Amino acid sequence: MSTEYDLVVLGGGSGGYAAALRGAQLGFSVALIEQDKLGGTCLHSGCIPTKALLHAAEVADATRHAATIGVRATFEGIDLPAVYAYRDGVVDRLYQGLQGLVASRKIVLVQGHGRLTSPSTVQVGDQSYTARKAVVLATGSMARSLPGLAYGGRVLSSSEALCLPELPRRAIVLGGGVIGVEFASLWHSFGVDVTVVEALPGLVPNEDRACGKALERAFRRRGITVRTGVRVGKVEQGEKQVSITLEAGESDVLEADVLLVAVGRGPRTADLGYEEAGVVLDRGFIKVDDRLRTAVPGVFAVGDVVDGLQLAHRGFQQGIFVAEELAGLDPAPVAEAHIPRVTYCDPEIASVGLTQSQAEETLGADQVECVEYNLAGNGKSQILGTTGFVKLVREKNGPVVGIHLVGARAGELIGEAQLAVAWEARPDDVTPLVHAHPTQNEAIGEAFLALAGKPLHAHG
Ligand SMILES: NC(=O)c1ccc[n+]([C@@H]2O[C@H](COP(=O)([O-])OP(=O)(O)OC[C@H]3O[C@@H](n4cnc5c(N)ncnc54)[C@H](O)[C@@H]3O)[C@@H](O)[C@H]2O)c1
């Protein structure tokens, strides 16, 4: 049986459902095909549930340290089932809201495993869905592992780590990227003895070096063991523990109850009929042009299947873009360079634009100017008891090209930073703006004052 729609979207995660919602808003008939749950990784096993756990971790730490600000409270431990109930409540409310949106826009949600069988058809079981205007591929990503290291037993991906029936006593986190440091941070706050093992010389190696260094210092202060610049040899699972052999000069062996492998996520593009239909892949990612067109006319791709930042908000924007493109609205392509990144560990890291070393590579080292404003001079940060900084990276005598923040709730400050970088702000554009006092956001204004050579709450 065949059914025709204007848009057929394969994958109901952030990218796919955004394309469907915007498409329906623009008057298209839409079939949205999802094999699991509408909302995908972000809603069910990524952004939302992990951030709920990280919020519980923040509350646990605040309770532990309450006496330092004169509040009597006793930290009595983590009630894991209750934490999970809180997390699941958040996810369920958002899931119901999303289902309601999809239904109210008359999107046909098809439950099942889809396969691209022609440039305009997706097959689900014995039913085929034909697109009059376009097929949008949005099948997302899945956890990678290391060669020869299979998930199972005590070797976990972030999905299993999210639902452990009980907290491990000791955990090894393999990979000091975003997922690795977020889990290390929350597990430590939940009382787990954590060791992070990262192959490159610093944590969060995709971020500005200053952020990685600050995070490493903060982690060590908190009692998280950090091993950087080390390679992993053997991994062995026993009945009661898992052990990994490090090859760091002389090899040493780490043992724990669980090993979380967080060494990146790969695109989910295999065995879906993509290449047979003529879609071109590159290292598994779908090749697209700047208007998200694949090699097959009428087939678009959005989200983690497209090489670049694997972030839900990038997927949302790409989904909106494709729907508007198909409606002939001539939308501006998604500006990859201005997509903000937030890592929700303690302290948080938030950034947008170029790191110092990327700017030096692009512009030449002598054409880059940086300032760092320390949160020690920021009243609200002192009230919250957080340390960190705002770092501005600027093209000499030109606009700011990158902003990097470290500190509690830094992610909530990234909006202004994003506008400054996207709008190519110079110090004179930002210094006349009055920033509310006392806020952490003020620190961005202070950093611009420092860049203009007239710092207020900093020496110079
Ligand atoms: N807050 C967020 O925005 C958020 C949260 C979770 C995940 N994500 C996204 O999910 C994706 C996957 O996250 P991730 O943390 O798995 O990937 P990642 O690419 O951020 O980090 C993987 C890390 O593993 C290290 N690594 C690779 N091989 C190793 C080895 N053999 N031994 C030790 N270390 C090794 C890498 O050097 C890197 O630092 C990322 O693209 C991320 O942006 C984002």
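**Briefing: strands, helices and rings**

Ser118 stands opposite Thr121 in strand E5. That pair belongs to a predicted model. Strand E4 covers residues 114–118, and E5 covers residues 121–124. The briefing takes the strands first, then a helix pair, then the aromatic rings.

- E4 and E5 run antiparallel and are joined by four bridges.
- The hairpin from E4 to E5 passes through two residues.
- E5 also pairs with strand E6, residues 127–137. These strands are antiparallel too, with four bridges between them.
- Val124 has Gln127 of E6 as its bridge partner.
- Two residues lie between the strands in the hairpin of E5 and E6. Gly125 in this hairpin takes a positive phi near 60°.

**Helices H6 and H7**

- Two packed helices are described by the angle between their axes and the distance between the axes.
- H6 spans residues 178–189, and H7 spans residues 209–222.
- Their axes come within 11 Å and cross at roughly 20°. H6 and H7 are therefore roughly parallel to each other.
- The crossing of H6 past H7 is left-handed.
- On the H6 side, the contact involves Val181, Ala184, Ser185, His188 and Ser189. They meet Leu215, Phe219 and Arg222 in H7.

**Aromatic rings**

- The whole structure holds three aromatic pairs.
- Arg64 places its charged end over the ring of Phe75, 4.1 Å from the ring's centre.
- Arg87 lies over the face of Tyr84, with 4.2 Å to the ring centre.

Terms used:
Residues numbered from 1 in each chain as written. Predicted model: local features only at pLDDT ≥ 70, side-chain atom pairs only at ≥ 80, totals over all residues. Heavy atoms only, no water. Phe/Tyr/Trp six-rings, centres within 6.5 Å; stacked < 30°, edge-to-face > 60°. Lys NZ or Arg CZ within 6 Å of the ring centre and 35° of its normal. Pairing = 2+ DSSP bridges. Axes fitted to C-alpha atoms, helices over the stretch in contact; angles between N-to-C directions. Parallel < 35°, antiparallel > 145°, perpendicular 65-115°, else oblique. Left-handed = near helix turned anticlockwise from the far one by under 90°. Contact = heavy atoms within 4.5 Å.
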